[in-house]
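Here is a short report on one protein model. Have the sequence and the 3D view ready as you read.

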Amino acid sequence: MTTIFEAIAILRKVFDKYAGKEGDAKTLTKKELTDLLKEQLGGPPKQAEMDKFFKMLDEDGDGVVDFNEYVVLCASLAMIEFYTRKCWNNFNCTL
């Protein structure tokens, strides 16, 4: 398996670990996403921030986050990490 497919498999595995504890196994509820973020990124998000964040991620407004919406979150985190590391390592923060 190539590295990119391994990464996708890991994303899917983490999603599946949290999805379905409260409802549909193909989606994350707000609580499931909160648990995922707490355990995977450390530190609990504040409720007001989580509410805004969840609404932003729930692009279709159905009240849950599906795998496609979750991947947008992961891609955004990867970009933040990349640019943070680039700025820190190079002391050059022009994006």
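## A pair in helix 1

Asp 16 is partly exposed, at a relative accessible area of 40%. This is a predicted model. Arg 12 is also partly exposed, with 31% relative accessibility. The two side chains form a salt bridge, 3.2 Å from N to O.

Why can they meet? Asp 16 and Arg 12 sit four residues apart in helix 1, so about one helical turn separates them. An α-helix has 3.6 residues a turn, so residues three or four places apart point the same way.

## Salt bridges of helix 2

The count of salt bridges comes to three. One of them joins Lys 31 to Asp 35, with the closest N and O atoms 3.0 Å apart. These two are four residues apart in helix 2, about one helical turn. Lys 31 is partly exposed, at 47%.

Asp 51 pairs with Lys 30, and their closest N and O atoms are 2.9 Å apart. Asp 51 belongs to helix 3 and Lys 30 to helix 2, so this bridge ties together parts 21 residues apart in sequence.

## Helix 2 itself

Helix 2 covers residues 30–41. Its 12 residues reach 16 Å from first C-alpha to last, close to the 16 Å expected. Its buried residues are Glu 32, Leu 33, Thr 34, Leu 36 and Leu 37. Just after the helix, Gly 42 takes a positive phi of about 80°.

## A nonpolar patch

Met 1, Ile 4, Phe 5 and Ile 8 make a nonpolar surface patch of about 470 Å². Ile 8 lies in helix 1, residues 3–18. Ile 8 is partly exposed, with a relative accessible area of 40%.

Definitions and conventions:
Residues numbered from 1 in each chain as written. Predicted model: local features only at pLDDT ≥ 70, side-chain atom pairs only at ≥ 80, totals over all residues. Heavy atoms only, no water. Patch = residues over 30% accessible without salt bridge, like charges linked within 9 Å, V, L, I, M, F, W, Y side chains within 5 Å. Areas by Shrake-Rupley, 256 points an atom, 1.4 Å probe, with all protein chains shown as cover. Salt bridge = Lys/Arg side-chain N within 4 Å of Asp/Glu carboxyl O. Buried < 20%, exposed > 50% of the residue type's maximum accessible area, 1.4 Å probe, protein only. Expected span 1.5 Å × (residues − 1).
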